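Please read the points alongside the sequence and the model.

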Amino acid sequence: MKDEGGPKKSEPALDLSQLEYKSRAEAYKGANPAFVDRVILTSTPEDPFLIKVITR
Amino acid sequence: MGKQAIGSIGYNQLNRVDTLLYLMTYPQKPLVKTRTIEITNFEKLPAGQNASVAIMSYSGYDIEDAVILNRSSLDRGFGRALYIRRYQTDIKKYANGAADMIAPASIPKEKHKQAMFKKYHALDETGIARVGESLASGDVYINKYSPSLTNDSGGTR
C-alpha cells in the first residue's frame, strides 16, 4: 500500500485479523546478570496496560 | 537513615517498586550507641557494618580515605551490596483499533537448544519472564509485538 500523503477518508474499515506484527521484544541489557524478582501487571491513566519486571 | 551510603531503606525495601534501589546485603546494628542513635531509631534500620580495623601507619602521611580489605571477609559478605532495578513496557492501543501483543516465542521444538534461541529461555507461556529466571545480557524478558499499521489511513507500512 502506497502512502500518498494525507489521510484517505474513503478507505474501507481495517481488517484487524489481517494485520502484520513486528517484533518489539524487550531485551535485558545490564552489564551483570540479574534474576527476575517480581513481575507486575498494572495500569495507569496514561498506560492502560503496563508490565513492570523487577530484577535483582 | 540519614547516612549518604548504601544501607537499608525501610522495612518495605523488598516490596518497593523503584527504578533503581541500592541496598546493603548484610547491614549490622552498631556495637555502641549514642543518644542520637536512640532518638532516631537508627539501630532498627542500620546503614553499615561493624568492621574490625587494624591499621599501622608508618608516618601518618601514607593513608587517607583508603582501606586494605581481607579477601575472606569479602567472600563471607563484608561490604556486599545489591541493586534492584525496574524495567517496564506499556502495551499500547492504537487509533485504528490495533494493539500491541505479548506472546511466547514461537520456536520449533527441535530447535529449542539452538544458541540463537537461548535469549528466549526466561519467558513463560505468556511471553513475560518467569519470576526467578536469570537474565543475561541480550535475554528477552518481555516478548512484545507491535502492529505494522497503527493509524486509520494505513499510511505507515
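The numbered points below take up the model, its chains, their contacts and one selected residue.

1. **Basis and conventions.** This is a predicted model, in which local features need pLDDT of at least 70 and side-chain atom pairs count only at pLDDT 80 or more, while totals for chains, interfaces and linings use all residues. Residues are numbered from 1 along each chain as its sequence is written, and chains are lettered from A and ligands numbered from 1 in the order in which they are written.

2. **Confidence.** The predictor assigns the complex an ipTM of 0.78 and a pTM of 0.76. For chain B the mean pLDDT is 87, with 92% of its residues at 70 or more; pLDDT is the predictor's confidence in each residue, from 0 to 100.

3. **Chain A.** Zero helices and four strands are found in chain A. Here helices (H or I, at least four residues) and strands (E, at least two) are DSSP runs, numbered from the N terminus. Of the 56 residues in chain A, 12% are buried. A residue counts as buried if 20 or more other C-beta atoms lie within 10 Å of its own, as exposed if 12 or fewer do, and as partly exposed in between, with C-beta atoms placed from the backbone.

4. **Chain B.** An automatic or database assignment sets the domain bounds. Chain B is divided into domain 1 (1-86) and domain 2 (89-157), and the centres of these two domains, taken over C-alpha atoms, are separated by 40 Å.

5. **The interface.** Contact links 37 residues of chain A with 44 residues of chain B, where contact requires C-beta atoms, placed from the backbone, within 7 Å. On the side of chain A that touches chain B, strand 3 of chain A gives the most, with seven residues. That side comprises 21 nonpolar, three polar and 13 charged residues. Ala, Val, Leu, Ile, Met, Phe, Trp, Tyr, Cys and Pro count as nonpolar, Asp, Glu, Lys and Arg as charged, and the others, Gly among them, as polar.

6. **Strand pairing.** Two strands pair if DSSP finds at least two bridges between them. Strand 4 of chain A and strand 2 (residues 81-90) of chain B run antiparallel and are joined by six bridges; A:I51 has B:T89 as its bridge partner in strand 2 of chain B. An open sheet of three strands, with antiparallel pairing, has the order 1(A)-6(B)-3(B). Its edge strands, each pairing on one side only, are strand 1 of chain A and strand 3 of chain B. Within chain B, two bridges join strand 3 to strand 6 (residues 144-147), and B:M101 has B:Y145 as its partner there.

7. **The nonpolar core.** The largest nonpolar core has 16 residues, and A:V36, A:V53 and B:A129 are among those with the most contacts inside it. Such a core is a set of buried Ala, Val, Leu, Ile, Met, Phe, Trp, Tyr and Cys residues joined through C-beta atoms within 7 Å. Leaving out residues up to four places away in sequence, B:A129 touches residues including A:V36, A:V39, A:V53 and B:L135.

8. **Residue B:V131.** This residue is found in the loop between strand 3 (101-102) and strand 4 (134-135) of chain B. B:V131 is partly exposed because 13 other C-beta atoms lie within 10 Å. Neighbours within four places in sequence aside, B:V131 is in contact with A:V36, A:R38 and A:V39.

Technical notes. Two residues are in contact if their C-beta atoms, placed from the backbone, lie within 7 Å.
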